[in-house]
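Here is a short walk through one protein model. Keep the 3D view open and follow along.

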Amino acid sequence: MEAKKKWDLISVASIPLIMTLGNSMLIPILPLIREKLHVTSFQVSLLITVYSIAAIILIPVAGFLSDRYGRKIVIIPSLIIAGIGGAVCGFAAWFMPNPYTIILLGRLLQGIGAAGAAPVAMPLVGDMFTEESDVSSGLGVIETANTGGKVLSPILGSALAALVWFLPFMAIPVFCLISVLMVLFLVKKPEKSGGREAGSDQKRANTGSKAADKNRKPQTDSAKESDNTDGAPISLPVFLKDLKWIFSRKGRWLYAIFAIGCICMFLLFGALFYLSELLEEKYNLHGILKGCVLAIPLTLLCLTSFITGKIIGQHKKRMKWLTFAGSLLALGATLGCLFFSSLYGLLTMLSLLGIGIGLALPCLDAFITAGIDKAQRGTISSFYSSMRFIGVAVGPPVVSVLLSRYPTILFYVLGAACLLAALLALFAIHPSTDEEPRPKPEPSPA
């Protein structure tokens with residue numbers, strides 16, 4: 001990896017880390033929040049739902065704006081909005097006698113900020129590096145930071161709430177300020193000719209190969225304008241035309257990756273909800289100790305994501321088979337939960353589930369950035385991020401309903417989701433045939 005980009009990558013990785021903390025820190029303390037606010041379980045669950053819905057709706061908008069105007073121009077205001085949302089929640093809880101409605105509005109602001117921050121980090125990594133292997137490794141770091149936030153969240157949220165119950169809200173502005181300063185001063189915009197497309201074209205030019213020149217993707221109007229940090233914004237008609245071309249030619253594998261990403265988040269947050277309920281109701285674990293147990297499968301997911309990002313390089317076939325293998329491992333783990341009733345057995349199976357998800361996620365991220373031009377990368381990755389947020393939003397309520405009404409089929413449902421992900425990876429992703437040269441645009445009239 002390019003040594004001079006080390007601090008750039010650390011700064012970008014702070015974004016998903018902080019956005020994950022902003023949401024997941026609340027999960028282990030929702031019962032405490034419910035008690036302090038004197039609200040129902042459904043009302044307190046809306047603090048998570050409102051955040052996720054705002055992000056789902058606005059992520060594609062943020063992706064388009066980042067393609068049109070630049071990544072940092074979207075990320076920095078979004079981090080500020082997320083910080084303001086956390087401050088609104090914290091001060092409402094501190095000073096107001098009945099703060100629930102204002103806290104809900106603050107969470108809505110946090111979701112709006114999250115929509116323009118964490119999802120845009122992934123295409124920014126794709127812009128930063130010239131080598132595909134560096135991009136894959138960088139995305140592994142981003143996915144590790146995302147998962148690392150999930151590892152820290154139950155422990156940090158429980159520890160802060162043990163001091164003052166609304167302190168997790170007040171921590172968000174501080175975290176966001178740190179990330180804003182890092183991105184503002186340490187993340188340098190890519191050189192105008194430094195994109196991976198330009199680097200690849202230069203390599204092909206140096207070889208002098210006629211076959212390479214013949215297969216080279218022509219530079220369209222959007223490609224000329226792809227460096228939106230230096231040049232004029234992409235015109236909307238050209239952007240929409242390119243987007244239509246992408247989905248018409250690459251829709252099969254893109255839709256598959258969107259679906260697998262959604263399934264992974266559905267499995268992860270569904271399993272965490274199940275384990276959280278189990279630890280409290282059956283094993284009477286609370287607070288920091290409960291957070292530490294929840295962190296075990298997340299830690300393994302985090303380590304697997306980091307290692308996977310390092311080993312996949314630019315090998316798309318390797319990405320496909322690791323995604324397939326991760327889905328099969330997740331399938332075996334979910335079905336394995338049917339045969340274990342002890343905490344150690346279930347924790348082992350859920351840890352294997354985390355490893356399976358950790359194998360798949362960095363590969364999915366790399367497919368998106370490697371297969372899409374810089375000019376549309378933000379928008380396409382935003383669709384992918386929206387699908388992941390849908391999985392986050394759907395997982396806990398689905399598991400909750402199954403636990404209360406149909407507990408015997410819970411792991412069969414989760415296993416069916418794993419099987420669907422494996423089949424999509426096996427039959428819908430074909431790295432050798434998914435790359436198509438772009439048709440040359442018609443010349444503009446004089």
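This is a predicted model: local features need pLDDT of at least 70, side-chain atom pairs count only at pLDDT 80 or more; totals for chains, interfaces and linings use all residues.

Setting aside neighbours within four places in sequence, Ile380 is in contact with Leu243, Ile246, Phe247, Leu254, Phe258, Ile368 and Ile372.

Now zoom out to the whole chain. The protein chain has 17 helices and zero strands. Of its 446 residues, 56% count as buried. Take contacts between residues at least 6 apart in sequence: 84% of them join residues at least 24 apart.

Next, how do particular helices meet? Begin with α3 (residues 41-69) and α4, whose axes lie 6 Å apart and pack at an angle of about 135 degrees. That angle makes α3 oblique to α4, because it falls in neither the roughly antiparallel range, over 145 degrees, nor the roughly perpendicular one, 65 to 115. On the α3 side, the residues are Ala62, Leu65, Ser66, Asp67 and Tyr69. They meet Arg71, Ile73 and Val74 in α4. By type, the residues of this contact divide into five nonpolar, one polar and two charged.

Follow α4 to another partner. Helix α4 covers residues 71-95, and helix α7 covers residues 167-186. Their axes come within 7 Å and cross at roughly 160 degrees. So α4 is roughly antiparallel to α7. The crossing of α4 past α7 is left-handed. The residues of the contact of α4 with α7 comprise 17 nonpolar, four polar and one charged.

Move on to helix α12 (residues 287-312) and helix α14 (residues 343-371). The axes of α12 and α14 come within 7 Å and cross at roughly 35 degrees. Here the crossing is right-handed. From α12, the contact uses Val293, Ile296, Pro297, Leu300, Leu301, Thr304, Ser305, Thr308, Gly309 and Ile312. From α14, it uses Leu347, Leu350, Ser351, Gly354, Ile355, Ile357, Gly358, Leu359, Pro362, Cys363 and Ala366. The residues of the contact of α12 with α14 split into 14 nonpolar, seven polar and no charged.

Is Ala360 buried or exposed? Ala360 counts as buried, because its relative accessibility is 1%. Leaving aside neighbours within four places in sequence, Ala360 is in contact with Cys264 and Thr323. Lys320 is 40 residues away from Ala360 along the chain, and the C-alpha atoms of the two are separated by 8.6 Å.

The next stop, Asp365, also has its place in helix α14. Its relative accessibility is 2%, so Asp365 counts as buried. Which residues surround this aspartate in contact terms, beyond its neighbours within four places in sequence? Asp365 is in contact with Met122, Leu139, Glu143, Tyr384 and Arg388. Two of these partners, Glu143 and Arg388, belong to the charged types.

Technical notes:
Residues are numbered from 1 along each chain as its sequence is written. Side-chain values use heavy atoms; hydrogens and water are left out. Axes are lines fitted to C-alpha atoms, for helices over the stretch in contact, and angles run from 0 to 180 degrees between N-to-C directions. Helices (H or I, at least four residues) and strands (E, at least two) are DSSP runs, numbered from the N terminus. Angles under 35 degrees count as roughly parallel, over 145 as roughly antiparallel, 65 to 115 as roughly perpendicular and the rest as oblique. A crossing is left-handed if the near helix is turned anticlockwise from the far one by less than a right angle, and right-handed if clockwise. Contact means heavy atoms within 4.5 Å. Buried means under 20% relative accessible area, exposed over 50%, partly exposed in between (1.4 Å probe, protein chains only).
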